[in-house]
Amino acid sequence: MRIWAAHDDCLSPYALFHVAETLQRHPDAGLLYSDEDKLSESGKRFDPHFKPQWNPDLLLAQNYMAHLGVYRTEWVRAVGGFREGFEGSQDHDLALRVSGRLAAEQIVHIPRVLYHWRAGKGSTALDSSEKDYTAQAGLAAVRDYLASRVPAAEVSVGDYPNTYRVRWPFPERLPLVSLLIPTRDGVDILRPCVDAILEHTRYPRFEVLILDNQSRCNDTLDYMRDISNRDQRVRILRWDEPFNYSAINNFGALYARGDIIGLVNNDIEPINPDWLSEMVRQACRPEIGCVGAKLYYPNDTIQHAGVILGLGGVAGHSHKYFPRRHPGYFYRLHLAHNLSAVTGACLLMRKALFKEVGGLNEEHLAIAFNDVDLCLKVREAGYRNLWTPYAELYHHGSVSRGEDDNPVKRARARAEQDYMRRTWRDVLDHDPAYNLTNPHEYVATRRIGSAP
């Protein structure tokens, strides 16, 4: 094995022990990486970076693996080691080339802070913008990695130093997208949702299927009749059964003409005109399953930046209530990356995959967690789910259905939680996209030399 470290940084005294112990448990591993923090000139540890398990799309967006990087020598030799022309991000370049030859199970995260990155004046650790050449070298590394795999992909610098955005190519023939929007009455939220989608979506090939669940309001019925007559992209489908979110969307999927379906709440309003284009680009990638968007409350705080398993017992939203322009944890709010689940309030996926995993669970999850269950079925089938910050929409937040504020609704909510815990217990307690390091343990070991 080869271990790469800068000459002025510090390894934990226990780093090699944990590397050896991990190799004992994963003898086929080809690449290991650990959590890290920074070390001030006075020797104080700060700014810990708790990392996810193997996250291919995050590695394209930033070099989250460094530091500590441990590589099996044969793989380093196989790719030719470090290359000239990538100085400053040579570790990112190496990680991309080696990981591209390994199976996912051969890339192992050690969830311990084993590396202390010295943050002196003028260092990249203290300010990534101090050395702009590192960002350009990283950009070149990502471009080179994709050039032989997806030549039509375009890579540009991200919103923050040493971050990158990949624009994935469309297929030769643009797929039709079927947006499924369940609703019952509530024209005051339905109208701005549908009108905004029709007027502010740049992607040219989509249809809107309004799934009418027993609307009685004349204004709502008049609006649906009018909009379907005025715009040939809109169809109205009647679902004359008690409200069941899963069943309604499964019904809509049966009549969807598109190769891609989108689950869209009726209180969604797009912000950027390329929102659907970005999601389609991602959903067309054969290795990607469910694609989620960046959703805001009307007051411009984050409503959804991906779903973290286990929060609140089953699942909860990442970065909830953060300000709209906040960078997020290590810029995560501005990077496309893999997550275990995304919300069904705005979710795209290939219709064939939706059918493959059996659609939404209408028997056990009529209201809540059906989107999480769907994402986990997709992941179990071998696909990666993804969240992108480049599809931005407002989400007014369950205003159409209301809260679980009576005994019947509360009993239903408990039953759905119980079902998720029974079905996905081990997965919910060990989200690979979220680091489970106990922050209290980290605080207790911030003195150099203490056991991690």
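In this predicted model, Cys290 is buried, with a relative accessible area of 0%. Its closest cysteine sulfur belongs to Cys375, at 3.8 Å. Cys375 is also buried, and its relative accessible area is 0%. A disulfide is a covalent bond between the sulfur atoms of two cysteines. A pair counts as a disulfide within 2.5 Å. The sulfurs of Cys290 and Cys375 are therefore too far apart for a bond. The structure holds 0 disulfides.

Strand 14 spans residues 288–296. Of its 9 residues, 9 are buried. Strand 14 pairs with several strands. With strand 20 (residues 384–395), it runs parallel, joined by 6 bridges. Within this pairing, Gly292 has Trp387 as its bridge partner. Strand 19 (residues 346–350) pairs with strand 14 in the antiparallel sense, over 2 bridges. Here the bridge partner of Gly292 is Leu347.

Strand 15 (residues 302–304) is likewise antiparallel to strand 14, with 2 bridges. Tyr296 stands opposite Ile302 of strand 15. The two strands form a hairpin, with 5 residues between them. In the turn, Asp300 has a positive phi of about 65°.

Helix 11 covers residues 370–380. It is largely enclosed by the rest of the structure, because 9 of its 11 residues are buried. Cys375 is one of these buried residues. Others include Asn370, Asp371, Val372 and Asp373. Leu374, Leu376, Lys377 and Val378 are buried as well. Gly382 follows the helix and has a positive phi, near 105°.

Terms used:
Residues numbered from 1 in each chain as written. Predicted model: local features only at pLDDT ≥ 70, side-chain atom pairs only at ≥ 80, totals over all residues. Heavy atoms only, no water. Buried < 20%, exposed > 50% of the residue type's maximum accessible area, 1.4 Å probe, protein only. Helix = DSSP H or I, 4+ residues; strand = E, 2+ residues; numbered from the N terminus. Pairing = 2+ DSSP bridges.
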